[in-house]
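Here is a short briefing to read alongside the model. Have the viewer open and follow the topics one by one.

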Amino acid sequence: MSESTPTGILSTIAGAARGVSLELESVRKTYDGQASAAVDDFTMRIEPGELVMLVGPSGCGKTTTMKMINRIIEPTSGSIRLAGEDILSIDPDQLRRHIGYVIQQIGLFPHRTIAQNIATVPKLLGWSKGKIASRIEELMTTVELDPGVFANRYPRQLSGGQQQRAGVARALAADPPVMLMDEPFGATDPITREKLQAEFLRLQAVIGKTIIFVTHDFDEAIRLGDRIAVLSDRSHIEQFDTPANILANPANEYVESFIGLGAALKRLVLIPISRAHYDKEVPGAPSIEVSGSLRDALDLLVLTGASAVNVCDEKGRTVGSLSHATVSGALRAERQDEESV
Amino acid sequence: MSGFDIGRLVNFLSQRWETILSLTGQHIAVVAISLVIAMVFGIGLGIVVWNKPVSRSVTVTAAAIAITIPSLALLAILSPILGLGWGPTVVALVFYSLLPIIRNTVVGFREVPRDVLEAARGTGMSATQVIFSTQLPIAWPVILAGVRVAAQLTIGIAAIAAYVAGPGLGQYIFLGLSSLGSVNALNYALVGTVAVVILALLVDGAFVLITRYTTSEGLRV
């Protein structure tokens, strides 16, 4: 197995510590023997370090679109550029060593320990043993798997959530500037999923990768995405915007139907409590920390039946209170801000 | 025909134990050589055809038909071409070993989860690297189960190869058959047969250990 030295683009990608830009232009995929394209004329530009969610119903071509970026599926026509350079001209195996890949079923190698799984790409890239060992330790700590406990365990000895963390660690092993994630949290239970999502956001804030994240769960898209592309049949982009803008101004009925009921509630998730104008403290009312979202505040209002909740800062001092009226006032203000932009 | 006499059997064993050991050694050798050759061809063929529906059914069906040919008939066909002794024996044993090995290679490769294969490709392994670092190790316990069946099969068939002057314990069995009525006829047949059975049991036990030590701990159920 000869290791050809990375040429031009590969060294550009390999040298990028943080994310790089990713452009898809008029990308099309038509499967043999099928009349209509699975992905038709898909064009998108993704900024370095951006987390873009592709969301759409099953069979809409979102996964196919994503898999063309690491050429697990070969595009029929169009061009894909990483850091401005065409990836269709280079060896797919070499390319994939520089693109992190996480799939829903995880696909850990069952016959290899967690440490060996994580070492896969560094080994392919010919890293030294010492460098691989320290990288494994670092990554396992990052994804909150204690190396002392889990390094020598096999995948079957881990829970679903732990396996998914190991899968993310394996994808991050060689520090690729781009990550492709295909419904990575789709198979986990709701509690684990929420935890993994929160960890993932924290991780992304540190590593700043360019990430394409495929999901059919719109709430997940809102929670995680910098921008969301809502896709319909044949991977047609119905709207490509920030979560707040999509919720406030859905482009058409299709997007509206995808948002579903409760758009206002979903928007509240995105607005921190600190954005609201507080009323005066109400003695005896339940209290909530300022670090939460307006959705959390409303939740507490509904749950307790109180007319107001007190907001307290990090030190536990009460800084004011929120009522139903102030929550909806904040939502209206947010909307006007967006419309005036 | 003379009856069974335990004293005569003990006497028989004490006089011929060196020959018996040497025949057992030959028996093991011819089976081992054949299995190694059959593994190279069988696993190789299995890897080539496992994901090609037409070639796969042709190969497995051909091997399944081949195994129905009576071993005595096959040896009779082989000996005019290959002569007597080790040649036709090894060829016949390889022939009968192929079916279980090919079939289990195909089954083992098909049982490798698709997501694991996709993940392997996604990490940037070449097709060859995927075969040797992912598919083969994961399919290994299943393949080895096929080799184990082949070993049992060939230990039995190797005894029949004495018909074409093949090596091994079959020589005693045939000696017993051809000298029916003589004093030691029963002893020859009995010792040959019992030794084959014991050998089969020991080899089967050995395979349990081989499987245990060559299969990743992560694949044990």
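Two strands count as paired if DSSP finds at least two bridges between them. Helices (H or I, at least four residues) and strands (E, at least two) are DSSP runs, numbered from the N terminus. This is a predicted model, in which local features need pLDDT of at least 70 and side-chain atom pairs count only at pLDDT 80 or more, while totals for chains, interfaces and linings use all residues. Residues are numbered from 1 along each chain as its sequence is written, and chains are lettered from A and ligands numbered from 1 in the order in which they are written.

**Chain A overall**

- Chain A holds 15 helices and 13 strands.
- With a radius of gyration of 22 Å, close to the 20 Å that the globule rule gives for 341 residues, chain A is as compact as a globular protein of that length. The radius is taken over C-alpha atoms, and the rule is 2.2 Å times the number of residues to the power 0.38.
- Along the principal axes, the C-alpha atoms of chain A fill a box of roughly 75 × 55 × 35 Å.
- Of the 341 residues in chain A, 39% are buried. Buried means that 20 or more other C-beta atoms lie within 10 Å of the residue's own, exposed means 12 or fewer, and partly exposed lies in between, with C-beta atoms placed from the backbone.
- Among contacts in chain A between residues at least 6 apart in sequence, 67% join residues at least 24 apart. A contact here means that two C-beta atoms, placed from the backbone, lie within 7 Å.

**The six-stranded sheet of chain A**

- This open sheet has 6 strands in the order 6-7-8-3-9-10, with mixed pairing.
- Strand 6 (99-103) and strand 10 (236-241) of chain A stand at the edges with a single partner strand each, so one side of each has no neighbour in the sheet.
- On average, neighbouring strands of this sheet are turned by 15° against each other, direction ignored.
- Axes are lines fitted to C-alpha atoms, for helices over the stretch in contact, and angles run from 0 to 180 degrees between N-to-C directions.

**The four-stranded sheet of chain A**

- A second open sheet places 4 strands in the order 2-1-4-5, with antiparallel pairing. Its edge strands are strand 2 (39-46) and strand 5 of chain A, each pairing on one side only.
- Strand 1 (residues 22-29) and strand 4 (residues 77-82) of chain A are joined by 5 antiparallel bridges. A:Glu25 has A:Ser79 as its bridge partner, and A:Leu24 stands opposite A:Ile80.
- Strand 4 and strand 5 (residues 85-86) of chain A are antiparallel and linked by 2 bridges, one partner pair being A:Leu82 and A:Glu85.
- In the hairpin of these two strands, with 2 residues between them, A:Ala83 takes a positive phi near 50°.
- Is A:Gly84 buried or exposed? A:Gly84, in the loop between strand 4 and strand 5 of chain A, is exposed because it has 11 other C-beta atoms within 10 Å.

**Where chain B meets chain A**

- In this interface, 18 residues of chain B are in contact with 22 residues of chain A.
- Helix 5 (114-122) of chain B supplies the largest share of the chain B side, 6 residues.
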